[in-house]
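Hi,

Here is the structure I promised to pass on. Have a look, and my notes follow below.

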Amino acid sequence: REFAAITEKDIWEEARDRLQIAADSESNNRKRAKDSIMFREGDQWDHGTATTASEDEPELTINLTDALVRRVENNIRQQRPRGKCHPVGDGADVEIAEVLNGIGRHVETRSEASVAYDTAATSALDGGWGYFRLIAEYVDRKSFQKDLRILPIRNIFTVFMDPAAIMPSGSDQNWNIISTKMPRQEYKRRYPRAENRDWTDLSRDDLVLEWEDKESVRLAEYFRLREKADRLYMIRGQGGEEFTRYQSELPRGIDGKVLSIDQMQALLADRGLTIEGERDSSRMQVEWFRLNGRKVVEREQLPGIYIPVFRVEGNVKDIDGRIIRR
């Protein structure tokens, strides 16, 4: 209920403002990345300079860059990284870790994850950074069972990651927007019942025009982390094992209300458990929204505490707070 109560207007405006923050922060890097990508493709002459001599002389491009970068790509393909689960922490078990590693290998195999990893690495070599993502999808059209899939992101300029994320993988990001623009005629054909299928030139400021204009409509996936205050309890079992639970995860009364500490202790005592300590804490919730040029059309709460969009970095320098990627 709390998630459903978040208004569409608040979400849309928050996503709009954050898209602008990411675009302003990365504008210089994006321009440099496009120039670098085109340079590798062989566009290496300065077309803005033309003299009488240059008009008469042939211009030859011997593209050494592509061959040198391809060497690095091939080395990455031969030593491709892979995730691994290690049994460390409360309740860790070697056998369970092996099961999780098997699940991870299954996900990578069915996803052809090597394509996603290679695409992200190539983007990082060319422009300075790349991305891939993790989604949960139905196994087939007639199934209710979902499975994980790792997907490549070929166009790095469709991703707007939280500029405050400093970890190479972006694991500390608080929000992320994956956005593309679709021609209005195509949008109207695909979504004939959408409220904004037709253009109306009313009360349009520059920020709104970034999302919708006469020619195109922006479609976006908006991820964000929301921190929720919660009470954390340390619980001990009869064998001395310890584990923690948030108050929101503990059983509730018949009326659905949170139990008092005395009621909770009595309930746990029946199961041979005791509360050893408690403190104020918080838990993270990943929220996902699908937006068009005007409103939120879909929303979902995702499991886990990380936004499932991963960055692969090239060379990064922080000079007086300005991030330079190459």
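Which residue forms a salt bridge with Glu276? The partner is Arg236, and the closest N and O atoms of the two are 3.7 Å apart. This pair ties together distant parts of the chain, with Glu276 in strand E7 and Arg236 in strand E5 (residues 216-236), 40 residues apart. Glu276 is partly exposed at 44% relative accessible area, and Arg236 is partly exposed too, at 28%.

Before you go further: this is a predicted model, where local features need pLDDT of at least 70, side-chain atom pairs count only at pLDDT 80 or more, and totals for chains, interfaces and linings use all residues. Residues are numbered from 1 along each chain as its sequence is written, and side-chain values use heavy atoms, with hydrogens and water left out.

A salt bridge here is a side-chain nitrogen of Lys or Arg within 4 Å of a carboxyl oxygen of Asp or Glu. Buried stands for under 20% relative accessible area, exposed for over 50%, and partly exposed for what lies in between (1.4 Å probe, protein chains only). Helices (H or I, at least four residues) and strands (E, at least two) are DSSP runs, numbered from the N terminus.

Now the rest of the salt bridges. Side chains of opposite charge can pair when their charged atoms come close. By the rule above, the count comes to 32. One of them joins Arg70 to Glu73, with 4.0 Å between the closest N and O atoms. Both residues lie in helix H3, 3 residues apart, or about one turn of the helix. Arg70 is partly exposed at 39%, whereas Glu73 is buried at 5%. Another pair is Glu313 with Arg311, at 3.6 Å. There, Glu313 is partly exposed at 25% and Arg311 is buried at 7%.

Take Asp66, which sits in helix H3 (residues 64-78) and is partly exposed at 23%. Its side chain makes a polar contact with the side chain of Arg40 at 2.9 Å. (A polar contact is a pair of N or O atoms within 3.5 Å; within protein, one must be able to donate a hydrogen and the other to accept it, and residues adjacent in sequence count only if both atoms are side-chain atoms.)

Over in strand E7 (residues 274-291) you will find Gln285. Gln285 counts as buried because its relative accessibility is 14%. The side chain of Gln285 reaches the backbone oxygen of Leu302 at 3.2 Å.

Last, the surface. Ile96, Val99, Leu100 and Ile103 form a nonpolar patch with about 350 Å² of accessible area together. Patches are made of residues with over 30% relative accessible area and no salt bridge, with like charges joined within 9 Å and nonpolar side chains (Val, Leu, Ile, Met, Phe, Trp, Tyr) within 5 Å. The areas come from the Shrake-Rupley method with a 1.4 Å probe, and for residues only the protein chains shown count as cover. Ile96 is found in helix H4 (residues 94-111) and is partly exposed at 46%.

Cheers
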